[in-house]
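This briefing gathers computed features of the structure shown below. The points are grouped by topic.

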Amino acid sequence: MTLSHLATEDVFVVERNDADFRAGQGMTKGLGIVFRKFRKALFGKPNSDRADTEGQFNVQYPEERLAMPEAYRNMPILLYDDATGHELCTSCFQCERICPPQVIHITQAKDPATGKPVPAAAKFVLEYDTCMSCGYCAEVCPFDAIKMDHDFELSTANHPELDVDYNRLLRPVSYYETIAPTMWSDVKEQAMKKLQNNIKRRPGDIGRDHGQKIKGGAPVAAAATPAAGAAPAAGAAKPRGPVAAIGKNMSEDKTAKLLAIRAANAAKRGGGAADAAPVAQAAPVAEAVAAAPAAASAAPTGPVAAIGQNMSEDKRAKLEAIRAAKRAERGE
Amino acid sequence: MALLARGELRSILQTELPNVLDSRWDTQATDQAEAHGEGQTVLLDFDAVVKAEAIVEVAHFVRDKFGYDLLSNITAVDYLNHGIIELVYQFYNAAEAGPDLRVRVRIGRSPEECIVPSLTPTWPGADLQEREAYDMYGVVFPGHPNLARIYMWDEFKGFPMRKDFPKTGDKYTHVTGE
Amino acid sequence: MLKTEELQINIGPQHPSTHGVFRMLVTVDGETLVDLKPVFGYLHRNHEQLGEVNTYLQNMPFTDRLDYFNSMVNNHAYARTIETLAGVEVPERAQYIRVIMDELSRILNHATAMGFMLGDMGAWQTALLWGMREREKILDMFEYVSGARMMCNYCRFGGVVRDIDDWFITELKKLMQGLPHYFDDFEGLLLNSEILLARARNIGVLPKDLALAYSVTGPVLRGSGVAYDIRKAEPYAVYDRFKFKVPVGTVGDVYDRFLVRIAEMRESYKILEQALEQLPDATGGFINPKVKQQSLKAPAGEAYARVESPKGELGFYVVSDGTGSAYRYKVRAPSFINLSALADMCKGYTIADVVVILGSIDIVMGEVDR
């Protein structure tokens with residue numbers, strides 16, 4: 001077959017060994033190489049230089065760890081300013097829009113006095129279980145509020161726990177600075193400038209202290225001890241937010257939260273005919289979820305009762321779903 | 001054996017094999033990209049559109065006359081607005097390299113029309129690709145030795161890559177066409 | 001009178017030698033294979049439909065999951081298709097970076113693929129782990145530039161997401177100091193081993209004309225003696241600027257495919273050397289700043305772009321209707337089409353040879369089932 005597109009010197013035929021079988025010389029030669037390698041591995045030094053092809057290459061994982069490159073991306077986290085506690089997120093929905101598996105759910109904060117939107121997120125839910133770690137959210141975020149974490153030890157037996165909200169998403173800026181110093185210093189100035197502008201437009205406590213308030217104090221900041229160094233002590237504090245408090249009824253919580261988000265989104269869209277059906281389905285579940293913690297809790301179940309009688313069924317269901325989710329978040 | 005430029009095959013076929021070209025598309029022989037607004041389906045015609053029953057003849061013609069012996073890719077595209085399914089056959093000339101040669105077949109979407117003779121007897125490499133086109137688009141290839149579903153399970157009804165296949169819900173059995 | 005009967009066996013879908021969830025329905029007469037039917041679909045994720053729902057940029061990380069050994073190559077092929085479709089220019093430095101990543105991918109893919117194949121033959125672990133060691137070194141470097149070891153998501157339309165820096169180039173040079181030793185060791189370990197010769201020579205023969213009829217590409221086609229390499233046949237990126245050779249086999253058996261892959265690793269090494277030498281400085285940029293990544297809209301039309309992936313011809317056929325997402329998105333997956341030759345290659349050999357032949361095709365189910 002003529003190959004006119006290839007000059008003859010561009011092609012070469014691989015050399016086959018078509019010799020008859022011998023008495024194991026080929027194998028002996030291979031074993032010689034193996035033995036050489038084996039000796040080097042036994043008596044040689046452990047090495048990590050890329051040019052080496054002999055010696056020990058193992059990293060004894062839980063005790064020893066490789067340093068993570070700065071660009072490493074695992075799961076998204078949200079940043080807040082150490083000094084003021086203000087979150088950098090302004091709920092611009094850029095990440096929600098770009099997210100390929102659509103796992104980011106944001107609710108924009110509203111000024112309670114005027115009802116106008118405020119550049120802050122009231123709710124930020126991310127489904128870690130479906131997240132594909134592509135890093136687009138961090139890439140598109142104009143406020144550098146969402147970044148990719150280096151913590152990869154996220155395995156859990158409790159699947160619904162992977163539906164994370166502010167409790168686990170928030171990290172102080174100082175934490176991100178330790179895991180990715182140059183990447184942060186590149187954007188630090190403009191990010192902080194943008195944050196100052198946004199703080200001016202946030203009345204009261206909106207956009208602030210989400211994580212701490214829920215847990216009544218400092219746990220987020222405390223737990224976020226950076227562990228990005230090359231070799232933290234075994235079993236040392238991992239940079240993850242407090243999650244332990246969430247109880248056994250987590251799966252119900254997840255249902256409630258998701259329903260609340262869907263209901264809220266439906267409400268945002270104006271709740272057309274198409275939205276009525278899922279909400280109607282959602283209502284009984286939400287009620288059931290709402291009933292359980294309410295009965296167990298000593299706190300009065302005022303909010304449920306306060307829902308007006310003259311509201312439409314749809315709207316009431318939505319409200320109840322939202323409130324159930326809020327109670328779940330408070331850990332009741 | 002020579003490489004063909006894009007669109008050249010059409011004029012060659014007009015003189016050498018006048019009966020194989022699909023006359024329905026003679027009038028739209030130019031690139032009509034501008035004519036299609038946003039959100040519209042497109043049909044581009046710089047390549048030869050041949051009759052379904054002539055595809056085997058044309059495939060042999062381009063192989064024997066021009067050396068396009070590597071049938072690389074078979075793609076089915078569902079143009080719902082035009083009511084047709086297009087099959088794009090991409091041939092390569094393994095000896096002379098260069099870009100691909102595209103031959104198209106356009107057939108209706110109904111089960112009676114959605115039939116193209118199989119290339120598998122001559123190009124066994126078309127086997128899995130034709131099964132994929134059958135599974136996803138419902139194109140039937142008479143002459144194929146084992147035309148069964150390839151990705152979906154055997155009991156599956158409907159053709160999931162067709163544009164009118166519902167993307168939500170589990171009522172996939174409502175789809176017509178099988 | 002001895003009576004023999006044909007027997008049907010399922011190999012897979014959960015079987016260590018099928019390289020993923022792949023099922024072979026084999027009919028055997030004693031030890032000899034009479035018929036083989038590949039059965040797919042266990043890893044089907046409707047990738048092509050997702051490509052029609054997603055925007056062009058959103059689909060990039062999904063291409064990582066096709067051939068998950070070579071996400072860099074997948075990204076390159078997909079980015080090239082959309083660049084062809086939308087008429088995007090790519091800076092020269094980005095082209096070089098893509099070539100470097102592609103060739104590193106080829107080395108790591110062949111190193112592990114050959115290791116797995118030898119593992120199937122019974123060369124338990126040693127060859128594989130040596131390949132894994134080189135792969136790990138390369139993956140660390142991928143992690144450094146892209147942020148992930150395997151799901152790199154590195155290319156963008158008109159370039160790459162992050163430039164390579166001095167650290168990367170220093171480490172790449174160090175890696176390349178070690179690579180020839182690895183090639184030599186790997187060849188010395190098994191190339192003349194009597195067991196390998198017995199298991200690979202004249203097993204799974206795919207003659208030249210049959211290979212073309214089966215549309216196989218990549219090392220399988222070249223092992224059968226057809227010197228068809230897309231890097232030469234239809235040069236993309238900057239491949240026309242490098243001097244390298246196309247290795248071909250003569251018989252088309254498992255042994256030839258094995259030798260072709262080793263030779264290809266050495267050729268990749270040569271390309272890397274030249275690419276590092278020619279790499280333009282950073283003034284030209286590593287990404288085309290004019291491209292609106294997130295809201296990229298391609299004019300109505302179609303595009304097909306292909307690259308020489310380590311497994312064969314990887315192409316994306318995309319039809320655009322002028323919106324921000326593809327109207328039709330088809331993946332021409334090399335291992336899927338190479339598999340169509342499996343039945344023919346296996347017939348007449350023993351059942352123990354089947355796993356070796358399958359290993360010599362080098363499939364990844366993420367790409368086969370999509």
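A salt bridge is counted here when a side-chain nitrogen of Lys or Arg lies within 4 Å of a carboxyl oxygen of Asp or Glu. Under that rule, Glu313(C) and Arg332(C) are paired through their side chains at 4.0 Å, N to O. The model is a predicted one, and 52 salt bridges are counted over all chains.

- A network of salt bridges with shared partners joins Glu103(C), Arg106(C), Arg222(C), Asp229(C), Arg231(C), Glu264(C) and Glu308(C).
- Lys347(C) pairs with Asp35(C), with 3.9 Å between the closest N and O atoms.
- Because Lys347(C) lies in the loop between helix H13 (342-346) and H14 of chain C, and Asp35(C) in strand E3 (residues 32-39) of chain C, this pair links parts that are 312 residues apart in sequence.
- Lys347(C) is partly exposed at 40% relative accessibility, and Asp35(C) is partly exposed at 25%.
- Arg241(C) and Glu92(C) form a salt bridge at 2.9 Å, N to O.
- Arg241(C) is placed in the loop between helix H10 (230-233) and strand E6 (246-248) of chain C, and Glu92(C) in helix H4 (residues 92-121) of chain C, so the pair connects parts that are 149 residues apart in sequence.
- Arg241(C) is partly exposed, with a relative accessible area of 39%, and Glu92(C) is partly exposed, also with 39%.

**Interface of chain A and chain C**

- The contact involves 51 residues of chain A and 67 residues of chain C.
- About 4800 Å² is buried between chain A and chain C, 57% of it on carbon and sulfur atoms.
- The rule finds 8 salt bridges across this interface.
- Asp185(C) forms a salt bridge with Arg36(A), where the closest N and O atoms are 3.3 Å apart.

- The buried residues of H14(C) include Val354(C), Val355(C), Val356(C), Ile357(C) and Leu358(C).
- Asp362(C), which follows H14(C), has a positive phi near 65 degrees.
- Asn153(C), a residue other than glycine, has a positive phi near 50 degrees.
- Asn153(C) sits in the loop between helix H5 (126-146) and strand E4 (155-156) of chain C, and is buried at 2% relative accessibility.
- Ser215(C) is not a glycine either, yet its phi is positive, about 60 degrees.
- Ser215(C) occupies the loop between helix H8 (208-213) and helix H9 (219-223) of chain C, and is buried with a relative accessible area of 0%.

**Chain B**

- Chain B contains 3 helices and 4 strands, in the order α-β-α-β-β-β-α from the N terminus.
- Of the 178 residues in chain B, 57% are buried.
- Helix H1 (residues 8-16) and helix H2 (residues 55-66) of chain B pack at an angle of about 100 degrees, with their axes 13 Å apart.
- H1(B) and H2(B) are therefore roughly perpendicular to each other.
- In this contact, Leu9(B), Ile12(B), Leu13(B) and Glu16(B) of H1(B) meet Val58(B), Phe61(B), Val62(B), Lys65(B) and Phe66(B) of H2(B).
- The residues of the contact between H1(B) and H2(B) comprise 7 nonpolar, no polar and 2 charged.

Conventions
Residues numbered from 1 in each chain as written. Chains lettered and ligands numbered in written order. Predicted model: local features only at pLDDT ≥ 70, side-chain atom pairs only at ≥ 80, totals over all residues. Heavy atoms only, no water. Buried < 20%, exposed > 50% of the residue type's maximum accessible area, 1.4 Å probe, protein only. Helix = DSSP H or I, 4+ residues; strand = E, 2+ residues; numbered from the N terminus. Axes fitted to C-alpha atoms, helices over the stretch in contact; angles between N-to-C directions. Parallel < 35°, antiparallel > 145°, perpendicular 65-115°, else oblique. Contact = heavy atoms within 4.5 Å. Nonpolar A, V, L, I, M, F, W, Y, C, P; charged D, E, K, R; others polar. Buried area = accessible area lost by both parts, 1.4 Å probe.
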